[in-house]
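Good morning, and thank you for making time for this item. I shall take the structure now on display region by region, stating each criterion as it comes up.

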Amino acid sequence: FVTAIHALMDVRYMAQSPLPDDDLLARIDRSLAIFHENKDVIISLGARMGMKKPIDNWHIPKLELMQSITASSCKVGALIQWSTDTTEHAHISEIKDPAQHTNNNDYDPQICHHLDRQEKLRRFAIATTLKRTYADSNPEEFFEGEGEEDEEGEEGNGDYDQLTDPRTALLAEMNKMHITTNYFSKARKLVAARCDDISLPPRTFIAASTAIHLNFDPTHTGLKINEVANDFNIPDLGQVLSDFLQRDARNGAAGHGLGVARRQLIDRPSVLPFERIQIWHTVRLQQVSFYDASVVLPAQTVHASPPSPASGWPKDRRDAVLVNIDRAYEWPKSGLMGHRVCELQLIMRPVPWRGSRLTWRDQYLCYVRSFKMGAVDPVTGMHVLKCAKYANSTPVGDIVPLSQLHAFIHLIPQLGHPADAWLTKANSTHYHSSFFLNKYFDKQIYAALS
């Protein structure tokens, strides 16, 4: 059953590739063949359901059309260029929704009248809102947005922003426009600006092919290391920080590996030159398209926060990330080579004692726990991951620079049969040690892992 579903999903993802080649087309044909070889089990289990009863046939026009994917691609090129998403959405907004406001007679004139009234109301709202906003504000304030910082929220503008007319932002909001924040552009402007009032290290920066953005204000400032270790359940935090500082003093910016035995690194007592750290609960990672580096994808928010029952997370909220451990490889073109999947536990920055000078490289750090990469499961077609542990059964935890984080990774717990009914998205990862790496999370991940 799962084999048939996974083969059909492979066909759907590969058919949307903007750059199909002979190898990809051959893989589409193989996946279709696998689906047809295994589809009978879906019928036998009664999983193909109609409105009231199971259906015992495969008379599905769209399924039949899949047989012509490779032939059509050879003749007309990438099929994604012929997508009907735009016209289908327009049919909903311009026909179906207005039709619900009619009396089901004479649809055409009533739909036109409805759309005309909606347009007049929208223009009136925009005009009155702009007039009221401009009247209530000092016109000179429209051009004083440079350098303002975002204190709250994950969509913050960071350390430096373009001059923005609030009227433009208002129009975008009223027209329900969503503009992807380009952290690559912001990071380059930070480097070019070299303003004295820009914080160092900058909250927005580029690491290899990934743009990384932190909110300007930390979630917590000046917490003691022991407090953080207790709140985040990281008992070895002080030790791994000492290990990291020793490695960083030796290796500099050469990059940091994961899972290195600590006893080989400790050559002096674990005395830290600081006792407090800043904490962030989220970081945003942004990438460019696998197929076109000029296309900037929406940023993804990665969480690393302690338990918060009030917000629906009674356990820690910790997302999985892809960490680079070999600079010779660059995500996403290299796939998983030179990278390791880890669970992000903590995002921090050491704070020096007041009046003292830094004796370490000032950078953002994160505490991660590693997963051990297994073979690809033949049924699901996804990699199997298990929590990595030392010989004494403690999790493998390390400190790495935040700049080594390259992508958000979605994990699926291996639930077994049957799955416990009390498992939820907020606690399932805490009660499992084996996971699937979900290559179907988005097209970017699928393209990199295929």
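Let me begin with a definition: a patch is made of residues with over 30% relative accessible area and no salt bridge, where like charges are joined within 9 Å and nonpolar side chains (Val, Leu, Ile, Met, Phe, Trp, Tyr) within 5 Å. A salt bridge, in turn, is a side-chain nitrogen of Lys or Arg within 4 Å of a carboxyl oxygen of Asp or Glu. Accessible areas come from the Shrake-Rupley method with a 1.4 Å probe, and for residues only the protein chains shown count as cover.

A word on provenance. This is a predicted model, in which local features need pLDDT of at least 70 and side-chain atom pairs count only at pLDDT 80 or more, while totals for chains, interfaces and linings use all residues. Residues are numbered from 1 along each chain as its sequence is written, and side-chain values use heavy atoms, with hydrogens and water left out.

On those terms, a nonpolar surface patch is formed by Phe1, Val2, Ile5, Leu45 and Val379, which together have about 410 Å² of accessible area. Valine 2 belongs to helix 1, residues 2-15; helices (H or I, at least four residues) and strands (E, at least two) are DSSP runs numbered from the N terminus. Its relative accessibility is 40%, so valine 2 counts as partly exposed; buried means under 20% relative accessible area, exposed over 50%, and partly exposed in between, with a 1.4 Å probe and protein chains only.

Now the overall figures. The protein has twelve helices and 15 strands, and buried residues make up 40% of its 450 residues. Contact means heavy atoms within 4.5 Å; among contacts between residues at least 6 apart in sequence, 67% join residues at least 24 apart.

I turn to the sheet. Two strands pair if DSSP finds at least two bridges between them. An open sheet of five strands runs in the order 1-2-5-6-7, with antiparallel pairing. Strand 1 and strand 7 (317-318) stand at the edges with a single partner strand each, so one side of each has no neighbour in the sheet.

What joins strand 2 to its partners? Strand 1 (residues 204-207) pairs with strand 2 in the antiparallel sense over four bridges, and four bridges also join strand 2 to strand 5 (residues 282-287), again antiparallel. Isoleucine 212 of strand 2 stands opposite phenylalanine 205, and its bridge partner in strand 5 is leucine 285. Alanine 207 is bridged to threonine 210 in strand 2. The hairpin of strand 1 and strand 2 has two residues between the strands, and there alanine 208 takes a positive phi near 55°.

In a regular strand the side chains alternate between the two faces of the sheet. In strand 2 (residues 210-213) both faces are covered: Thr210 and Ile212 on one side, and Ala211 and His213 on the other, are all buried.

Next, the loop between strand 14 (411-413) and strand 15 (434-437), where histidine 430 lies. Histidine 430 touches Lys315 and Asp316, leaving aside residues up to four places away in sequence. Its side chain reaches the backbone oxygen of aspartate 316 at 2.7 Å. Asparagine 427 is in the loop between strand 14 and strand 15 too, and is buried, with a relative accessible area of 12%. With residues up to four places away in sequence again left out, asparagine 427 touches Lys315 and Trp422.

Finally, some backbone details. Most residues other than glycine have a negative phi, and most peptide bonds are trans. Which peptide bond is cis here? The bond from tryptophan 331 to proline 332 is cis, with omega near 5°; proline 332 lies in the loop between strand 8 (320-324) and strand 9 (339-352). Asparagine 104 has a positive phi of about 65° and, at 52% relative accessibility, counts as exposed. Serine 393 likewise has a positive phi, near 75°, and is exposed, with a relative accessible area of 51%.

Methods:
A polar contact is a pair of N or O atoms within 3.5 Å; within protein, one must be able to donate a hydrogen and the other to accept it, and residues adjacent in sequence count only if both atoms are side-chain atoms.
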